Amino acid sequence: MRVLHISPGPAADETPALAALEFLPHTLHFCSIDHADLMRAPQADVAVYDATTNLSLAPSMAERLATIGIDAPLVVVLTEGGLAAANSAWKAADIILAGAGPAEVDARLRLARTHVTQVEEEDGPTVVGALVIDENSYTATVAGKQLDLTYKEFELLKFLAQHPGRVFTRAQLLQDVWGYDYYGGTRTVDVHIRRLRAKLGPELEATIHTVRNVGYRFSPADPEAQEDETGDDTD
């Protein structure tokens, strides 16, 4: 999971809850509350704001992130005193008390991310041109013809299609699609990408781009932006 840690102060002032992030198996990116710094922040699955030293920004932080284009669910870290001010108008996915331990912090981050994913999935099938991905029936069709996909091929295609334009490294895809309990190598991703392209057919195989020395990107609306050949998975 990619976690954006937003702090109004130096890391030395971290609460136990925020310090616990460094011991969890997540990819952390530290960011200040400065607008320019937030603009440069990478894509994240969850954003965590430390409101223990600056509670005044907590009520508007979710809207501030949305304005910048950061659509990750927001988790706010509060002291017990700050908890009295918290309310639904903050639009935070969850709240963590400053003294929370690693296990609680990890559980709340996962729940915040899972809740948003479930809400997105309830909106209906993911449609990309002739490609329709329906998680309710676990089917993917192209121009009405059902694709014969394995479970992981379906999960990989769904994940990429739900994040169009984003570049994911092989390690990130292993983490988000295969999970933390998978011990195989990153070549597994290459094999599944190759099979997916073959099953998507000549009209749609180019939607999965290989970004050389980085990973893969799903870009259905930009067929000419193939600066790297889609068939080259060796990097």
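Tutor: Buried means under 20% relative accessible area, exposed means over 50%, and partly exposed lies in between (1.4 Å probe, protein chains only). This is a predicted model, where local features need pLDDT of at least 70, side-chain atom pairs count only at pLDDT 80 or more, and totals for chains, interfaces and linings use all residues. Residues are numbered from 1 along each chain as its sequence is written, and side-chain values use heavy atoms, with hydrogens and water left out.

Student: Is Arg40 buried or exposed?

Tutor: The side chain of Arg40 meets that of Asp37 in a salt bridge, at 3.8 Å from N to O. A salt bridge here is a side-chain nitrogen of Lys or Arg within 4 Å of a carboxyl oxygen of Asp or Glu. The relative accessible area of Arg40 is 60%, so Arg40 is exposed.

Student: How many salt bridges does the structure hold?

Tutor: Arg40 with Asp37 is one of them. Another joins Arg110 and Asp106. The structure's salt bridges number twelve.

Student: What is the relative accessible area of Asp106?

Tutor: Asp106 and Arg110 bridge at 3.2 Å, N to O; they are four residues apart in helix α5 (residues 102-121), so about one helical turn separates them. Helices (H or I, at least four residues) and strands (E, at least two) are DSSP runs, numbered from the N terminus. Arg110 is partly exposed, at 30%. Asp106 is buried, with a relative accessible area of 16%.

Student: In the salt bridge of Arg187 and Asp190, which residue is buried?

Tutor: The side chains of Arg187 and Asp190 meet at 2.7 Å, N to O. Being three residues apart in helix α8 (residues 187-200), they are separated by about one helical turn. Arg187 is partly exposed, with a relative accessible area of 43%. At 1%, the buried residue is Asp190.

Student: Which residue is joined with Arg2 and Asp45 in one network?

Tutor: Salt bridges that share partners join Arg2, Asp45 and Asp176 into one network. Arg2 is buried in β1. The buried residues of α7 include Asp176.

Student: How many residues of α7 are buried?

Tutor: Helix α7 spans residues 170-178 and is mostly covered. Its buried residues include Leu173, Leu174, Val177 and Trp178.

Student: At what angle does α7 run to β10?

Tutor: Strand β10 belongs to an open sheet with the order β10-β12-β11 and antiparallel pairing; strands pair if DSSP finds at least two bridges between them. α7 lies across β10 and β12, where contact means heavy atoms within 4.5 Å. Axes are lines fitted to C-alpha atoms, for helices over the stretch in contact, and angles run from 0 to 180 degrees between N-to-C directions. For α7 and β10 the angle is about 85 degrees.

Student: In β3, which residue is the bridge partner of His5?

Tutor: In a regular strand the side chains alternate between the two faces of the sheet. In β1, Val3 and His5 are buried on one side, and Arg2, Leu4 and Ile6 on the other. β1 pairs in the parallel sense with β2 (residues 27-31) over five bridges, and with β3 (residues 46-50) over four. His5 has Phe30 as its partner in β2, and in β3 its partner is Val48.
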